[in-house]
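This report looks at salt bridges. Please have the structure open as you read.

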Amino acid sequence: MTRTLKVAVVGLGIGRNHIQNGYRTNTDRFEVAALCDLDAALLKAAGAEFGVERLETDYLEIVGMDDIDVIDICTPPATHKKMIIAALQAGKHVICEKPLVGSLADIDELLDAESRSSGHVMPIMQYRYNDGAQKARHIIASGLAGRPLVATCEVHWLRGADYYEKDWRKSWTGALGGILMNHAIHANDLMFYLLGPVRSLFARTATRVNRVEVEDCASISVELECGALATTSATLGSVEPLSRMRLCFENVTIETDSRPDFTADKAPWRFVPASSAVGRKIDEALADFTPPPSGFAGQMQDFHRAICEKTPLPLTLGDSRQSLDFATAAYWSAKTYSAVALPILPDHPFYNGWQNAF
C-alpha cells in the first residue's frame, strides 16, 4: 500500500501552484495537512479553498507538528536558509522553491545540516519535468544525438513596475539576485541538465528595464565540460515574452517552441535528425519511452518514490549547488570583466555571496 506523506505548504504565492499542480495530482501520495503564511486573510482563504483546517502564521508551529512529514517552502528567497535548517533539525523532509540560498557557503551549510538529519531536501526545478525535455534527455543518453556542438538559451520575459510592488524582489538582500537567480535559473538548469556541467564562462549583466538594485538583463558565453559552446541571454524587458532553447548535436538538432515557458502541452519540442536513418532510430527510441508527468506533478511523484522506496532524489542540494556555482561565476565575471573557470572554491571572494558587491 502506498504511504501518504503529510505536507505543510509555507508561503501561498507559488505555494498555491504546488498544491494545485503537484499535490492535487498526486492525492494517493500526498495530503496537504497544514498551511502557513504571514498574511492571515490569504491563509484563511487558501484553507477554505483547499479544505485545510490547520492554518498557522508562525513557521515554528509548523516545524513542531509531529505528524508532518514534508515542509514545502515557498517563501521569499532570503528566508529559505533558516527555514530549511529548522526543518532538518526537526527531522522533516524539505521541498524548497528557487533560488534555494544566496551563496555557496550557504548551500554547503545546508549540505552539512542535511547530512546530520533524517530529512532530505529537494529543490524545485520543474522544467526538467517537461515532456520534450525528458524525451531529449532520453535521446541524448541513448547516444543517438552524437557529440554536442553548440547551444543557445533565451529567457526574454516582461516584468514591469507592478512586479516589484513586493519590495523584496527589488533588492539583493531580499531576492538574492535578479534575473539570473529568479527567472532564467530554470532554463539554464535545464540546458545544463541536458548538456552537463559548465567548465568556464564569461558574463555581462545590467539593470536596464526597471529601477531596481538587481540585474534584469544578462548575457553569458559558456564552455561546457563536454566541449560544447553555449550562449544564454535573459531580459525582463521583452515586449514579446518568450523562452527558447536550441541544442545542436552532430546527429540531431533539438529545439523548443518560443512560448514563455516550456510546458509540454503548450510548447512541444522539435527533433530534427541529420538523416532519415537517424530519424527512424529516434522514433523507435521514443516509441518505447514514457516520460513522467509534466511539471510539479512529475517532480512530486518522484520525490514520493525517493522517500518511500529509498530511490535517489530527483533533485538534490548538489544540483542546487551547481546552479549557485554558475551564478557565482557569472556575477564575478560581470564584476571583474573576466572569464571564470568553475568550480568556485571556498577561498573565492564571492564564495560567501555577491550581494554586497554591486
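## A neighbouring pair

Arg-29 and Asp-28 form a salt bridge (a side-chain nitrogen of Lys or Arg within 4 Å of a carboxyl oxygen of Asp or Glu). Their closest N and O atoms are 3.6 Å apart. Asp-28 is partly exposed at 42% relative accessible area; buried means under 20%, exposed over 50%, and partly exposed in between (1.4 Å probe, protein chains only).

## Basis of the model

The model is predicted: local features need pLDDT of at least 70, side-chain atom pairs count only at pLDDT 80 or more, and totals for chains, interfaces and linings use all residues. Residues are numbered from 1 along each chain as its sequence is written, and side-chain values use heavy atoms, leaving out hydrogens and water.

## A pair within a network

Arg-54 bridges to Asp-67, with 2.7 Å between the closest N and O atoms. The two are 13 residues apart and link distant parts of the chain. Arg-54 sits in strand β3 (residues 54-56), while Asp-67 is in the loop between α3 (59-63) and β4 (70-73). Helices (H or I, at least four residues) and strands (E, at least two) are DSSP runs, numbered from the N terminus.

Arg-54 is partly exposed at 30%. Asp-67 is partly exposed too, at 29%. Lys-6 joins Arg-54 and Asp-67 in a network of salt bridges.

## A strand-to-strand pair

Glu-255 pairs with Arg-270 in a salt bridge, their closest N and O atoms 2.4 Å apart. Glu-255 lies in strand β12 (residues 252-255) and Arg-270 in strand β13 (residues 270-273), so the bridge ties together parts 15 residues apart in sequence. Glu-255 is buried at 15%. Arg-270 is partly exposed at 45%.

## The total

The count comes to 19 salt bridges.
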